[in-house]
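These are my notebook entries on a single chain. I looked up its overall build and then one of its helices.

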Amino acid sequence: MSATIVWFQLDLRLDDQPALGFAVAAGNAVIPVYCLDIARESKWAPAGASKWWLHESLKSLDASLRAKGSRLILRSGDTVKELLALAKETGATSIAFNRRYEPWVREQEEALQTAAQSRGISLHRFESSLLFNPDVIRTGSGLAYKVFTPFWKNCRSLAAPDAPRPAPSKITPPTQWPKSLELSDLQLLPNKPWIKGLADAWTPGESGGAVNVRAFLKQAVGDYSVGRDVPGVRGTSLLSAHLHFGEISVRRVWQATQTRMHDETKTFRDNADKFRAELGWRDFGYNVLSNFPRTANEPLRAEFKQFPWQDNAEHLRAWQRGMTGYPLIDAGMRQLYATGWMHNRVRMNVSSFLVKHLRQHWLRGAEWFWETLVDADLASNSLGWQWSAGCGADAAPYFRIFNPMLQGEKFDPQGDYVKRWIPELKNLSPKYIHQPWNASSEELQMAGVELGKTYPRPIVDHVQARNGALAALKMCNASRGAALDAE
């Protein structure tokens, strides 16, 4: 019997898995394989919290495969060499996989295409991770989009995403299984104190993703436009890590949302459509990364290469530890470290604070998020940080500087979110929870807060930091103008 290797990348599921579906439908023996290729991915290889998630997700995938009569083969090293060696070892005549869009993966897939053809191995490549193929979404002049709204309008003018297909009922195994590493051999579990916090907060795997979809569509999607901005409640889908690792198909989420919208009020449908636009932002991030691969490490807007970033290790460390003296910022950073996740409204605030109040390079923030987020995704991470820094696609203007006190008062008016993650402030009144330095000495004493000891004073003054950021932007623009004149 012929055999087909199914190369799992970031599509760690059985439901709506086109490469797996193709192999099963062909009637071949199926050899599922995952290869950890740290060297190729280099700087943006899985790190920290996402390595923990990957470990758990691979374990879950293997269990799902075994329930269908199959199993997951694990390899590490150069993926192209490992896949070709596996084909030779098993006599497999074809390799099926679902595409990724990170720059090095695209190079890897092309290298595999060339090498497989020279060996008479057929390659079958499928679209799986996005709603719309970024290679075909173009402006009227044939260029890649840099602004979300026209990008999404174009996407919505196209045919709806393909309907998801169910998982196969049975997977034919090979007559003899090839050798495989043990999951522990991949050494994905980081030796970090916050691993228990991640395990308490999340259930990686296909079943965990399905549970979150059902819970969100039942409880939160009808109020999504408002709830998504309130960090103290569950108003978001909590699907980002499940989508990143492909534990749930984005087409399945789209269809489930569409089904939920039937026979509901216009308000409900508008809220659900707002959520679907957020799925569109995920597509947009990959559209930018795919068409402008340098944005993983460089600003899309070239003038920001001249921006006078500061290099202050003490400020960076205070931000990472949630010790800036600004409660909304510190609550977000502590939530991140404890759970591997942060509410999106707070992500916008902590990133704005780092690049504008502290004027640290946006890459320092991207690197810390990459280490600590369970949903660390190169496209979304790069897009988000460049958006905050004002140097990327559809970016917020640099002069838009979030005021962490006003943001806290607007989106966490009673301080529920802050008090959860900064218990040393739990007895402060809502009036001062987002600016404890303005509380009287009596109020602070009654709340058990001693600024500079039990909770830090602000490491920068908001007004001075804002003015400094605007002055730096003016200097950057002046330098760019001088450079253009010199040309």
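I began with burial: 56% of the 487 residues in the chain are buried, where buried means under 20% relative accessible area, exposed over 50% and partly exposed in between, with a 1.4 Å probe and protein chains only.

I noted that this is a predicted model, in which local features need pLDDT of at least 70, side-chain atom pairs count only at pLDDT 80 or more, and totals for chains, interfaces and linings use all residues. Residues are numbered from 1 along each chain as its sequence is written, and side-chain values use heavy atoms, without hydrogens and water.

I checked the dimensions next. I found that the C-alpha trace spans about 80 × 60 × 50 Å along its principal axes.

I then turned to contacts (heavy atoms within 4.5 Å). Of those between residues at least 6 apart in sequence, 79% join residues at least 24 apart.

For secondary structure, I recorded 21 helices and five strands, which are DSSP runs (H or I, at least four residues; E, at least two) numbered from the N terminus.
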